[in-house]
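The sequence and structure are shown first, followed by the account of each residue.

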Amino acid sequence: MASTSGISGAGGLDIPGLVQSSTTAQQQKVKASQADATRYQDQVEGYKELDKALSALDKAALDLSANGTVLAANSSKPGVVGVKATGAGGDVGVHEVDVQQAATFHTLASKPLKDGLIPTKLAEPVRAEGDGAGNLGAARQNYLEDRLAQAQQRAQKSPEKAASPKEKERVARLQQNLDQVKQNQEKQDTATKPLKDAGDQVNKALERFKPAEPRFEGPLRPGTPSPDLIMGPGALWISVGGKGFLVSVTPADMTLGGVSDAINNAQGNKGSKGVTASVVYGTEGARLVLRANEAGADREVKVQALAIPGSGLAMLDSRRMETLSKGQEALATVDGVAVKGRSNTLNNVIPGVTLTIAGPGNATVQVQADSDNAKKSLQAFADAYNAYRMTIDQLDADVLKNDLTLSTVRNDITNSLTTPPPVQNQLTQLPGQVAGVVGRIPVIGQQLAPTIAAMQPPGQNLQQRLSQTDSQFQYLADIGVTLQRDGTMKVDQQALDAALSKTPGSVNALLTEPVTSAGSRVDRAIRQLRGTQGVVYNAENQLKENIRTNQQQAEQLNQDLKDSQDYYTKKFSDLNGTLSQASATSNMVAQRLGSVPAPVAG
């Protein structure tokens, strides 16, 4: 805030006091702006606490869905198939598993680099070329075009012969073959373009490349952390199941380990049709190993190397690498039903259970109830919920008092625990929706009226009928986890034990089903609250806007106050000077009048 100097002067005016009183309204506005700034900052801290509380509750909700299973699984032969209970959709039971074959991944390995295979002098650069498929296609196209040109010449010489059905059929067949060759050539050009581009890049690099002395000589010992082997420059075209990607090998990557890193970090090396590269140190030396990311006979790894003669990179062409294993899918039967997988991990073949295939053979998988895990998971969720509610209540009594956002957060999360799951909500509305549609068609509406009435019999609504199915628990309260009057959550161990003992599968569904579980509903509510359309997100953005506006207003108010203080200081200073001059003049007149002799009496 601007201030005034303590000017008073001979005029006798209290200039600071006058300026202070003249700018009182503006000073109050400045103070109000400062109070708003403090309040906004307190709210920022409050929303940070709210975010922390919602994040902790969301984590607990996800943990409940992921780890709250009430099931445990074991295998009679872990050497054939391993098992783990994951929860979702599972129930107790016994299953027979017959494994025909485990999944294997197509794997290539370079020849061992025992002595480094380092040339003492690099050979002269050579042109890097792709394969000859494109040349064959071009030759075939030229041949067919020549045949068509000859047919056109014959037609000009003998129109009658050209009009014959046999000649027309022959020309049409030539044209059809030519069109097919052109289409194939276009596909070939598209497929080989990255390889040709890589060849061009290598050629340019080779033109600038100056042979240098090797940076490593002598045998490579197992355990060497970074084998310093000259591997480039150049490029690799790696394909898995026909889909490929380009790996550029720069001077920075010119070691066996560098090539491995370049392959793993290549932009196109993603997902199921990618590879994982690693350097393995064996008794014969270091080897680069390429392993397909997915199992299966159709996931074959192929490598085409573009490199200068004598470079170790040429060894990584798949025609020069050793096949360590061929690819095949995992094959098994579960309770007589055939299953297969792209890896040895089979999820939800048995609902709520993950199978890990180890090798051929037969095994019995038993899924049974595990109440201890469910109890721990539910208690951890209840503790996290109570911590969230405590934070909400504290904020509501302090920096976010009367904030409507808190009310919305509190209501939405509570509703996620006390309203029907999404699927059940849709089914509950189904009879009314059907009746509304068919009611617009009088004849059909009359015919279907009894059927619609049967969908919702008197005294028994659809929600009650759904509750009689196997997944009869829709709310945590159904298994003894209830919200108290003060908003906190309490776990009734006796009610929980009864539910776990009677219908463990239904408890498992309530805790672990991906969409309808209690944890999933809470997570969904929190994500909606904090999403770009949610009230928490909007409130935080509005608060940021309020702070920005307040800062602009504060700058303007302080400037206005300073201008006013400067203005009144000058005006009152000028007035004080005028009064000083008037006082001096008055004193001078009085002095002069006092020096005039008094008149003598007559």
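Thr-405 is located in helix 8. The model in which this placement is found is a predicted one. With a relative accessible area of 11%, Thr-405 is buried, because the value lies under 20%. Its side chain forms a polar contact of 3.4 Å with the side chain of Tyr-47. When residues up to four places away in sequence are not counted, Thr-405 touches Tyr-47, Val-535, Val-536 and Ala-539.

Arg-410 also belongs to helix 8, which spans residues 404-418. Arg-410 is buried, its relative accessible area being 15%. Apart from its neighbours within four places in sequence, the residues in contact with Arg-410 are Tyr-388, Arg-389, Ile-392, Asp-393 and Asp-396.

Ser-33 lies in helix 2, formed by residues 24-67. A relative accessible area of 7% makes Ser-33 buried. Setting aside neighbours within four places in sequence, Ser-33 is in contact with Asn-550, Ala-554 and Leu-557. Ser-33 and Gln-551 are separated by 518 residues in sequence, while their C-alpha atoms are 8.5 Å apart in space.

The accessibility values are collected below.

| Residue | Relative accessible area | State |
|---|---|---|
| Thr-405 | 11% | buried |
| Arg-410 | 15% | buried |
| Ser-33 | 7% | buried |

Methods
Residues are numbered from 1 along each chain as its sequence is written. This is a predicted model: local features need pLDDT of at least 70, side-chain atom pairs count only at pLDDT 80 or more; totals for chains, interfaces and linings use all residues. Side-chain values use heavy atoms; hydrogens and water are left out. Helices (H or I, at least four residues) and strands (E, at least two) are DSSP runs, numbered from the N terminus. Buried means under 20% relative accessible area, exposed over 50%, partly exposed in between (1.4 Å probe, protein chains only). Contact means heavy atoms within 4.5 Å. A polar contact is a pair of N or O atoms within 3.5 Å; within protein, one must be able to donate a hydrogen and the other to accept it, and residues adjacent in sequence count only if both atoms are side-chain atoms.
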